[in-house]
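Dear colleague,

Please find below the structure that I am handing over to you. My notes on it follow directly after.

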Amino acid sequence: MAISKLELQKMIKNGESVWCLYQSHKEIEEMYFSKENKYNVMEVKYIDSGAKLCLVVNNDWYYPLEYLFKTKAEAEHYLHHANITRTETLPFLTWEEFSKINIKDIEFTDKKLNLYNLSGFGKIKLYRNIDTADETLLLELEATEVNFYKAYDECVRLFKGEE
């Protein structure tokens with residue numbers, strides 16, 4: 001767990017050191033608080049979001065407290081285990097499954113596709129960003145198995161980032 005504002009102020013006063021994530025968060029480094037230097041611990045509030053960021057500041061640099069740790073072990077733990085990402089997989093859907101439902105949301109990173117089976121109208125519709133201001137109808141086809149695969153090909157193309 002990162003250091004609190006109060007803990008950091010105490011460590012600075014005592015001339016102790018902390019461990020920090022360094023160079024794009026790919027390694028850790030020990031940071032010494034020399035009693036000869038002046039450090040400030042301050043909060044910055046973002047105007048647009050209202051979020052607060054707590055920083056330790058020196059004349060030459062500043063560092064967010066969320067990336068400072070009391071021990072090397074805590075810093076290493078964060079370095080190797082925080083913000084783990086995984087590969088995204090496009091959900092698989094068959095024609096048989098699709099023909100039994102009305103709407104299938106297919107969501108993936110920065111895209112939300114909605115594949116509609118409007119069987120009462122005999123249509124398959126593919127929308128992007130449904131229920132938002134940039135809602136776009138991408139595809140409208142007759143509701144057939146062949147056209148389902150065409151629509152799904154379009155989902156795959158968009159999933160792969162091909163615009």
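Glu-154 counts as buried, at 18% relative accessibility; here buried means under 20% relative accessible area, exposed over 50%, and partly exposed in between, with a 1.4 Å probe and protein chains only. Please note that this is a predicted model, in which local features need pLDDT of at least 70, side-chain atom pairs count only at pLDDT 80 or more, and totals for chains, interfaces and linings use all residues. Residues are numbered from 1 along each chain as its sequence is written, and side-chain values use heavy atoms, with hydrogens and water left out.

Glu-154 belongs to helix α4, residues 145-159. Helices (H or I, at least four residues) and strands (E, at least two) are DSSP runs numbered from the N terminus. Apart from neighbours within four places in sequence, Glu-154 is in contact with Leu-126 and Leu-139, where contact means heavy atoms within 4.5 Å.

The buried residues of α4 are Asn-147, Phe-148, Ala-151, Tyr-152, Glu-154, Cys-155 and Leu-158. Viewed down the axis of α4, these buried residues fall within an arc of 150°, so they line one face of the helix; the arc is that of the directions from the helix axis to the C-beta atoms. Val-146 and Asp-153, on the other side of α4, are exposed. An α-helix has 3.6 residues a turn, so residues three or four places apart point the same way. Just after α4, Gly-161 takes a positive phi of about 85°.

**Strands and a loop**

Strand β1 (residues 17-22) is mostly covered, with 5 of its 6 residues buried. An antiparallel arrangement with 6 bridges joins β1 to strand β2, residues 27-32, and β1 also pairs in the antiparallel sense with strand β6 (residues 68-69) over 2 bridges. Two strands pair if DSSP finds at least two bridges between them. Trp-19 has Glu-30 as its bridge partner in β2 and Phe-69 as its bridge partner in β6.

Strand β3 (residues 40-45) pairs with strand β4 (residues 52-57) in the antiparallel sense over 6 bridges. The bridge partner of Lys-45 in β4 is Lys-52. The hairpin of β3 and β4 has 6 residues between the strands, and Gly-50 there takes a positive phi near 80°.

Asn-129 lies in the loop between β9 (123-128) and β10 (136-142). Asn-129 is buried, with a relative accessible area of 18%. The C-alpha atoms of Asn-129 and Asn-114 are separated by 7.8 Å, and the two residues are 15 residues apart along the chain.

Yours sincerely
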